[in-house]
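Reader: I'd like to learn how to read a two-chain model. Where do we start?

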Amino acid sequence: MSRVLEIKSVVKRYWNPRSKRWEVILDRISFDVEAGEFIALVGPSGSGKTRLLNLVGGFESQNEGEVLIEGQRIGGPDRNRGIVTQQYSLFPNLTVLDNVAFGLDLEEFTLLNRWTRFLRYREARKGHRKRAMEYLEQVRLDTHAHKHPHQLSGGMRQRVAIAQALIMKPKVLMMDEPFGALDPEAREELQAAMIQTHEKERNTIVFVTHDLEEAAYLATRVLVLMPDKAALARGEGGHARIARDVRTPDRPRKDRRDDPEYWKLVKTIRTTLSA
Amino acid sequence: MGWPLRLALGILPFVAVVGWYSYGSYQGHAENPKYKILPNLSQFREGLKQIFQERKHLRDGKEVKYTWFAVDTIASLKRIGMALGITIGISVALGLFMGAFTIVDAFSSPLVRTMGKIPPMALLPLIFVLLGAMEDTTKVAIMVIGTLPVLTQDVYLKVQEVPRESIQKAFTLGASTLEVTVRVILAQAWPRILDSVRLMLGPLWALLIVSESIAATQGLGYRIYLQQRQINMNVIIPYVLWITILAIAMDQAIKLWIRWRHPWALER
């Protein structure tokens with residue numbers, strides 16, 4: 001397997017205006033992600049999970065260390081890294097179909113040449129919508145294609161957001177607590193859909209979650225990010241590090257919850273977090 | 001609260017105003033049959049006759065027919081339309097780039113904020129000196145100067161309300177900075193900007209009426225000020241009602257446009 005994402009001794013500091021000092025959030029974080037891996041990133045609130053995801057996305061830059069995608073340094077956000085967040089994942093002004101096709105439209109036509117090459121754009125647009133419809137069929141939302149996001153339930157919206165990100169075939173798909181705001185039923189449904197998608201397409205996924213059972217159920221590998229409590233008490237920031245890097249049981253995920261190894265893993269992560 | 005009661009309560013203040021007016025007019029006319037402050041129906045009929053009376057004047061040797069109502073309405077709507085177009089165009093462009101780019105914000109915000117604090121009427125002498133007493137330009141300039149800073153700041157705030165996640169998402173889908181600015185930020189902020197424009201219509205009309213009171217030859221505000229000299233309230237009151245109708249119509253037109261073109265914005 002090839003290495004898709006490399007995080008090398010990454011340090012992230014931020015200026016705390018209250019204490020008037022620089023605080024370290026992430027302290028020399030290092031890990032690699034192979035192609036097709038499903039990484040779950042867990043940790044207590046404020047441990048820097050989302051901050052780490054922002055570094056991978058290129059939305060922020062690290063103070064030290066390197067973040068590499070297929071050996072190349074990250075400059076800023078681009079279409080190689082897709083993202084699905086808990087909220088505001090979709091563009092409210094576009095229909096479901098246009099949301100999914102948004103990236104495809106951008107890929108071929110800039111803001112200007114969609115007018116200068118209007119006829120070609122119109123033809124290409126039809127093709128983009130056809131492809132978007134195929135992705136919507138996969139997430140069973142093709143019948144809702146012409147609705148706006150506000151007309152969908154939370155679970156449906158997240159399914160559209162996943163289709164919107166996956167259609168671009170990003171090298172890494174980042175998911176920041178995507179199911180955090182859903183009710184248990186919708187959450188389970190989306191977890192099953194996520195497993196199905198990953199098993200079929202083998203996308204490389206970095207998934208941030210609070211839910212340890214979800215992490216152990218979905219991921220092929222779980223990384224536990226833990227802040228240094230002593231440093232926190234001294235007001236020096238979380239100094240978070242990878243406290244544990246574990247592989248999940250090697251058996252079909254739909255059967256995982258019946259596996260004692262799965263529950264043992266959940267317990268191990270919980271123990272690490274409460275240490 | 002049921003709708004009949006709500007409707008009745010809504011109508012009640014209007015009934016009270018009409019009642020108060022009728023009583024005042026009756027009392028005034030009982031004391032003085034030529035009382036002009038609160039005209040009665042026959043005086044209104046006379047006033048409306050004047051407003052819609054066909055008049056003639058010579059233009060380039062040709063006789064042109066006109067009514068006060070038509071020339072004043074067209075002149076005022078033309079001015080307010082021009083001012084609205086210029087204000088929206090500049091403030092959307094400026095507010096959008098101020099909200100989206102820190103460098104534009106740092107460069108423009110102090111000026112826009114300072115301009116917003118200057119009462120536009122205080123600039124009248126300066127505007128007249130710079131632009132002269134031109135029929136339309138001066139009036140449009142007064143309206144633009146009076147509303148532009150406020151609308152720009154409003155657009156800036158609306159732009160900042162667009163969720164950061166939405167912007168990040170667009171970048172990860174391959175959008176350029178310009179595409180994010182136009183297709184994500186402006187597209188999402190636009191219905192809210194239109195709401196701000198609706199609120200801006202009140203001050204815009206006020207500035208129009210004031211600006212038409214100076215060095216004008218036609219316009220709704222011009223006619224009101226002209227008739228005020230003879231206390232012709234039977235002309236002034238219909239004009240005020242007509243301005244109110246036009247203002248409500250413009251406001252409702254924008255509201256309906258938002259409902260028709262951007263229904264998603266009402267659900268947020």
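Author: With domains. Domain bounds come from an automatic or database domain assignment. Keep in mind that this model is predicted.

Reader: How far apart are the centres of domain 1 of chain A and domain 2 of chain A?

Author: Take the centres over C-alpha atoms: they are 28 Å apart. Domain 1 of chain A comes in two pieces, 1-80 and 172-275. Domain 2 of chain A covers 90-169.

Reader: Which element gives the most to the side of domain 1 of chain A that touches domain 2 of chain A?

Author: First the counts. The contact pairs 12 residues of domain 1 of chain A with 10 residues of domain 2 of chain A. Helix 6 of chain A, residues 184-201, gives the most to the domain 1 side, with 5 residues. By class, that side of domain 1 of chain A holds 8 nonpolar, 2 polar and 2 charged residues.

Reader: Now chain B. How is chain B divided?

Author: Into domain 1, residues 3-57, and domain 2, residues 59-267. The centres of these two domains of chain B, over C-alpha atoms, lie 31 Å apart. Their contact takes 16 residues from domain 1 of chain B and 15 residues from domain 2 of chain B. On the domain 1 side, helix 2 (41-52) and strand 1 (55-59) of chain B each supply at least two residues. Helix 2 of chain B gives the most to that side, with 8 residues. The classes on that side of domain 1 of chain B are 6 nonpolar, 5 polar and 5 charged.

Reader: And between chains? Which element of chain B gives the largest share of the side that touches chain A?

Author: Contacts first again. 22 residues of chain B meet 24 residues of chain A. Helix 7 (164-172) and helix 8 of chain B are the elements giving two or more residues to the chain B side. The largest share, 7 residues, is from helix 8 of chain B. That side of chain B splits into 9 nonpolar, 7 polar and 6 charged residues.

Reader: How should I read a core?

Author: In soluble globular proteins, nonpolar side chains tend to be buried together. Here the largest nonpolar core has 108 residues. Those with the most contacts inside the core include A:Ile39, A:Leu41, A:Val100 and B:Ile185. Helix 8 of chain B, residues 177-212, gives the most to this core, with 12 residues.

Reader: Which residues is A:Leu41 in contact with, leaving aside neighbours within four places in sequence?

Author: Among them are A:Leu52, A:Val206, A:Phe207 and A:Leu223. A:Lys49 is also in contact with A:Leu41.

Reader: Next, helix packing. What describes a pair?

Author: Two packed helices are described by the angle between their axes and the distance between the axes. Take helix 3 (residues 68-100) and helix 6 (residues 137-160) of chain B. Their axes come within 7 Å and cross at roughly 35°. The crossing of helix 3 of chain B past helix 6 of chain B is right-handed. Their contact has 17 nonpolar, 7 polar and 2 charged residues.

Reader: Last, backbone angles. Where is A:Arg140 placed, and is A:Arg140 buried or exposed?

Author: Look for positive phi outside glycine. A:Arg140 has phi near 55°. A:Arg140 sits in the loop between helix 4 (118-138) and helix 5 (154-166) of chain A. A:Arg140 has 12 other C-beta atoms within 10 Å, so A:Arg140 is exposed. A:Lys169 also has a positive phi, near 45°. The loop between helix 5 and strand 7 (172-176) of chain A holds A:Lys169. A:Lys169 counts as partly exposed, because 13 C-beta neighbours lie inside 10 Å.

Terms used:
Residues numbered from 1 in each chain as written. Chains lettered and ligands numbered in written order. Predicted model: local features only at pLDDT ≥ 70, side-chain atom pairs only at ≥ 80, totals over all residues. Core = buried A, V, L, I, M, F, W, Y, C linked by C-beta atoms within 7 Å. Buried ≥ 20, exposed ≤ 12 C-beta atoms within 10 Å, placed from the backbone. Helix = DSSP H or I, 4+ residues; strand = E, 2+ residues; numbered from the N terminus. Contact = placed C-beta atoms within 7 Å. Nonpolar A, V, L, I, M, F, W, Y, C, P; charged D, E, K, R; others polar. Axes fitted to C-alpha atoms, helices over the stretch in contact; angles between N-to-C directions. Left-handed = near helix turned anticlockwise from the far one by under 90°.
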